[in-house]
Amino acid sequence: MAKVWLGMPGPWANDHREPSDPFTTKIGGLPDWPIPIDTINSDLLRCATCDNNLSLVAQVYAPVSHHQHRVLFIFGCVSPKCATSWRVLRLQKIEIADIDTSQDKQQTEVEGLNSEDDEDGSEDDMSFEELANALIQAGNLASSNSKSKSKNQRKKSQQHNFSTTPSLHNHNDSDNDNDIPAVPCFYIYTQEEKSTGDLSSVCSSYSSLSIKGNGNSAEDDLQGEETWEKEKYEYDKALTADRTYLKFKKRLDAYPEQCFRYSYGGKPILAVAGEINAGSCRLCGRPRKFEMQLMSPLLYFLQEALDDNQRQMVENWDWMTLLVYTCSESCFEEIKQVKSNCNGWIIAEEAVVAQCEESMPIQPGYFS
């Protein structure tokens with residue numbers, strides 16, 4: 001069984017629009033593009049229903065090979081009229097060696113050579129353990145960096161020890177940032193989900209939801225406010241309840257602060273039973289597979305951070321989970337996408353499926 005890594009809430013950003021970098025995993029704020037924003041098709045950043053600018057819901061640094069940087073950007077529409085539109089973009093950095101390997105592979109197929117030759121370069125693939133470690137390091141780095149930022153004036157871009165780190169472009173590269181609605185921003189750290197047999201002991205260790213504040217304890221952050229106590233379900237007496245939902249709720253209760261679950265190539269936990277057709281990759285035509293899912297505690301934290309006048313931004317986001325499916329090969333076959341001013345980065349639109357309480361059967365999220 002594939003391991004599951006949980007995205008847990010770290011400290012709040014000092015400013016919901018503060019710039020970071022593509023290697024930071026966070027909820028909300030503005031996207032930290034690794035390429036100039038004017039190289040991105042503007043249609044990908046606008047709602048197909050109301051044509052408003054989409055807001056960043058989550059940014060997740062998720063490399064799947066040793067020599068490729070890879071980031072997932074999940075967007076949603078905050079317009080009250082169509083707050084059910086979702087989009088996920090995969091940005092991936094392609095090295096020259098990758099392009100040469102891909103071209104060699106295509107030439108081999110044309111010449112009809114043995115298929116064993118097509119497997120060249122597979123040694124560069126990450127194991128799941130290595131992928132998990134990369135996620136943990138990225139999450140912990142973001143959390144530690146954000147803590148230090150509260151003590152010192154943050155620089156507009158951070159330096160990393162990646163030998164292939166691209167030039168970073170801060171939010172000021174775009175004159176339209178003020179037109180983009182930004183939901184509250186907080187940083188994420190990751191931890192491994194314990195096995196199913198350990199869920200009961202884990203569940204008993206949580207009593208309320210909180211986000212690590214700027215040096216404040218959970219009690220300080222929630223003092224004078226109503227806390228969200230972990231609901232206790234008597235599963236053996238819920239005879240009329242949906243079995244799929246009960247399983248979902250049990251996994252959620254075990255870690256009631258989880259903002260997302262990451263399991264590349266694993267299986268999601270569904271809130272509503274049914275088959276999910278995530279479609280095929282638009283670049284290579286291969287089927288998509290599950291990579292991660294956003295969880296409802298994320299909505300709670302966003303709502304708590306907004307005042308009454310701003311809460312309508314996310315009040316229509318009533319999903320129980322958002323399921324993200326990406327290309328099973330994490331492909332980059334359309335090499336023509338690599339523009340000279342993108343420093344080897346490509347963009348691919350992937351699939352997101354929303355499951356809500358009233359979703360029976362499952363209603364797919366927005367696919368453009």
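Accessible area here is the area found by the Shrake-Rupley method with a 1.4 Å probe. Keep that in mind as you open this predicted model.

**Stop 1: the whole chain**

The protein chain exposes about 18,000 Å². Carbon and sulfur atoms supply 45% of that area. Now look inside. The chain has 368 residues, and 51% of them count as buried.

Switch to a cartoon view. Take the contacts in the chain with a separation of 6 or more: residues 24 or more positions apart account for 76% of them.

**Stop 2**

Next come the aromatic rings. How many aromatic pairs does the count come to? It comes to eleven.

Colour the strands. Tryptophan 12 lies in strand β1, residues 5-12. Phenylalanine 186 lies in strand β6, residues 186-192. The pair therefore ties together parts that are 174 residues apart in sequence.

Tryptophan 12 has 21% relative accessibility and counts as partly exposed, because buried means under 20%. Phenylalanine 186 is buried, at 0%.

Together with Trp12 and Phe186, they form one aromatic cluster.

**Stop 3: tryptophan 86 and tryptophan 319**

Move to another pair. Select tryptophan 86 and tryptophan 319. The ring centres are 6.3 Å apart, and the planes stand at 85°, so this pair is edge-to-face. Which strands does the pair link? Tryptophan 86 is in strand β5, and tryptophan 319 is in strand β9, residues 319-327. These parts of the chain are distant, with the two residues 233 apart.

Tryptophan 86 is buried, with a relative accessible area of 2%. Tryptophan 319 counts as buried too, at 2% relative accessibility.

**Stop 4: lysine 93**

Stay on strand β5 and follow its residues, 86-93, to lysine 93. Is lysine 93 buried or exposed? Lysine 93 is buried, with a relative accessible area of 4%. The lysine 93 side chain reaches the backbone oxygen of asparagine 343 at 2.5 Å. Draw a distance line there to end the tour.

Definitions and conventions
Residues numbered from 1 in each chain as written. Predicted model: local features only at pLDDT ≥ 70, side-chain atom pairs only at ≥ 80, totals over all residues. Heavy atoms only, no water. Helix = DSSP H or I, 4+ residues; strand = E, 2+ residues; numbered from the N terminus. Buried < 20%, exposed > 50% of the residue type's maximum accessible area, 1.4 Å probe, protein only. Polar contact = N/O pair within 3.5 Å; in protein donor to acceptor, adjacent residues only side chain to side chain. Contact = heavy atoms within 4.5 Å. Phe/Tyr/Trp six-rings, centres within 6.5 Å; stacked < 30°, edge-to-face > 60°.
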